[in-house]
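Colleague: I'd like to go through this one with you, step by step. Can we put it up and start with the terms?

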2 protein chains.
Amino acid sequence: MRLVIAECSAHYTGRLSAHLPLARRLIVVKADGSVLLHSDGGSYKPLNWMSPPCAMAVRPADEAEAESGVTEIWTVQHAKSDDRLEIELHEVFHDSEHVLGIDPGLIKDGVEAHLQAMLAEQIEILGAGHTLVRREYMTAIGPVDILARDPQGAAVAVEIKRRAEIDGVEQLTRYLDLLNRDPLLAPVQGVLAAQEIKPQARVLAEDRGIRCVVLDYDAMRGVDDVDSRLF
Amino acid sequence: MRLVIAECSAHYTGRLSAHLPLARRLIVVKADGSVLLHSDGGSYKPLNWMSPPCAMAVRPADEAEAESGVTEIWTVQHAKSDDRLEIELHEVFHDSEHVLGIDPGLIKDGVEAHLQAMLAEQIEILGAGHTLVRREYMTAIGPVDILARDPQGAAVAVEIKRRAEIDGVEQLTRYLDLLNRDPLLAPVQGVLAAQEIKPQARVLAEDRGIRCVVLDYDAMRGVDDVDSRLF
DNA sequence: GATTGAATATCGACG
DNA sequence: CGTCGATGTTCAATC
């Protein structure tokens, strides 16, 4: 990754044509050849950029260009489209190169943990009179997302997903098999709770006597203040 | 603008929860307090970021954190929402500060100018036998995008828009009123040319005897080589 | 189907 | 009505 701070102007042609007047900016040249032009404000979005795959050609300014203060011209051409970004560099204030390596990338902690925390606090979403036993109720084959009791005191095992598919039903079925062997718990009712339940998952779940509950994330979030306590 | 290259990990909570495992990254702190975390690949989009308005608090690592290699913790809190970005800095490889000043910002040369240039070159799109008089034909109230002549030599005033709405019809109507007072031009026919013409605009235009022409940008672009001459 | 990446457009909020 | 900022989402393409 190359970082350059320089007075520069730029032209972009592609989906549209645009230009950037002369100003001092940050130019980032990434290892894959992509280029970002950032100002000191605005959002996370660069003023202009070229996404990979692309190639950059550098040439020194000709006499006429040098006359107007240009030192180098960088032409960044997209490999597949006609998109082109042309940067005219004037005075350069900083220029450094850094090796970063491959990034493991962003890991979304997922709405699932969030849904679990909120459902635990709003357990009556399962039905009036339900009470929470505990989150992450441990079994030999892993933790059940939520264990609760219905108004009659019968155990309820809840599997939470953002999008419930067949897998989720299978998983919950395994937990139910196991929990139902415990005389202190049996009979255990199963609930599949998710923001979105795929049709096949719903059919399979209901066929197995598992109740499906669609969770309204925004509504739950509006009710609950758990957000601030998640981390 | 502050540029930091460092080993770091990060947590984000807001619309969703996410974390970035330890890796070497570019951290940009803009003058307005916004923060961008970039890897050496991906698109123009940062791995994670915090947009303004926001404030950054820096604190040294406590003993336990220092134990695991953390040197500083940066907490970036959005001013209006609960969005928060927490960055744990480990080894720092580069740290520099730069004053960029206000950026004049991106100027879109617009598809409109492009369409105008192409239509001028492919004026027979208006109909066989049409000839170009000139682009940006000046009038007292501003320039008409294109002035042409039909096969019979009658004047044709063209208003070009990317998306033609009521405004465009009104604008063209004003030009036509003016042009029709010129005995050398009158009677002047009006043409509303656009990639997309809104229904109301079409109705109003046709009601006023203005012809509507839908321009196929890609087809025009395929025919024409004007792209390369725009700049 | 699921998964990945690209988006320089479009929408909505805001002043 | 215009500008600015947001899309931390959506969608298409691809595998």
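This is a predicted model: local features need pLDDT of at least 70, side-chain atom pairs count only at pLDDT 80 or more; totals for chains, interfaces and linings use all residues.

Colleague: How many nonpolar, polar and charged residues does the surface near DNA strand D have?

Modeller: "Near" means that a heavy atom of the residue lies within 4 Å of the strand. Among the residues around DNA strand D are Tyr44(A), Lys45(A), Arg15(B) and Trp49(B). Sorted by class, that surface has 5 nonpolar, 3 polar and 3 charged residues.

Colleague: Which strand gives the most to that surface?

Modeller: Strands (E, at least two residues) and helices (H or I, at least four) are DSSP runs, numbered from the N terminus. With 3 residues, the top contributor near DNA strand D is chain B's strand E4 (residues 48-50).

Colleague: How far from a phosphate oxygen of DNA strand D is a polar side-chain atom of Lys45(B)?

Modeller: A polar contact is a pair of N or O atoms within 3.5 Å; within protein, one must be able to donate a hydrogen and the other to accept it, and sequence neighbours count only if both atoms are side-chain atoms. Pro52(B) uses a backbone N or O atom, 3.4 Å from a phosphate oxygen. For the side-chain atom of Lys45(B), the distance is 3.1 Å.

Colleague: Now the protein chains: what area do chain A and chain B bury between them?

Modeller: The contact (heavy atoms within 4.5 Å) takes 55 residues from chain A and 55 residues from chain B. Buried area is the accessible area (1.4 Å probe) that two parts lose on being put together, summed over both. Carbon and sulfur atoms carry 62% of it, and the total is about 4600 Å².

Colleague: Which residue forms a salt bridge with Arg25(B)?

Modeller: A salt bridge puts a side-chain nitrogen of Lys or Arg within 4 Å of a carboxyl oxygen of Asp or Glu. Chain A and chain B have 2 salt bridges between them. In the one with Arg25(B), the closest N and O atoms are 2.6 Å apart, and the partner is Asp103(A).

Key
Residues are numbered from 1 along each chain as its sequence is written. Chains are lettered from A and ligands numbered from 1 in the order in which they are written. Side-chain values use heavy atoms; hydrogens and water are left out. Ala, Val, Leu, Ile, Met, Phe, Trp, Tyr, Cys and Pro count as nonpolar, Asp, Glu, Lys and Arg as charged, and the others, Gly among them, as polar.
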